[in-house]
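My entries follow the structure.

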Amino acid sequence: MKNIMFFSVISFLILIQNGCASDEEIFVDYGDLSNLDSEFYSEYYEWPSVINFDFDEYHIDDREQLKLDKVAHTLLSNVELKVALIGSADPEGSKRYNQRLAKNRALSVADYLINNGVMRSRIVITSVGSSVNFLKTTNRKENIVNRHVQIILLGADSNPVEMMYEAIQSD
């Protein structure tokens, strides 16, 4: 079942304040696709929401570069759109170090997009360091989910755009 998803600014603020949020808190279902053309639908169907990083790294590996190629393609095909990049780090290390690492991750993603033709003026960069974790754990392997850059597609008005997803049916 296909639904339209919208990343609400209020829910994002809840995420920032609480440090963790479920999909239901982040996204709101807006119903059918009747006013959305099929080209728009197919273009954003596989939008990558995060770029992951190895421990203590801000280098983008080959698998993550493939995701960023989709982002660059979408932005180059739709000049009215922008993107917000929010860098994150796991809780290992000092607060100051993690803030710098998270910012370097966001800058690394921005540099990749710029090197692939996206104008710098269409990219918003910020970081939350290790203050916002999707998973609270001390396990280094599990902490990979906290080592990322979140990618939010923005419209011409700089607000997050509606996104679509295909719900996974469990047996």
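The entries below go from the overall layout to the cores.

I note that this is a predicted model, in which local features need pLDDT of at least 70 and side-chain atom pairs count only at pLDDT 80 or more, while totals for chains, interfaces and linings use all residues. Residues are numbered from 1 along each chain as its sequence is written, and side-chain values use heavy atoms, with hydrogens and water left out.

Layout. I looked up the secondary structure, taken as DSSP runs numbered from the N terminus (helices H or I, at least four residues; strands E, at least two). The chain has five helices and seven strands, in the order β-α-α-β-α-β-α-β-α-β-β-β.

Of the 171 residues, 41% are buried (under 20% relative accessible area, 1.4 Å probe, protein chains only).

Cores. I took a nonpolar core as buried Ala, Val, Leu, Ile, Met, Phe, Trp, Tyr and Cys residues joined through side-chain atoms within 4.5 Å. The largest has 22 residues, and L68, V83, L85, V109, L113 and I151 have the most contacts inside it. Helix 4 (62-77), strand 4 (82-87), helix 5 (95-115) and strand 6 (148-154) each give two or more residues to this core. Helix 5 supplies the largest share, five residues.

I then examined V109: beyond its neighbours within four places in sequence, V109 contacts I51, F53, I60, L68, L85 and V149.

How values were computed: Buried means under 20% relative accessible area, exposed over 50%, partly exposed in between (1.4 Å probe, protein chains only). Contact means heavy atoms within 4.5 Å.
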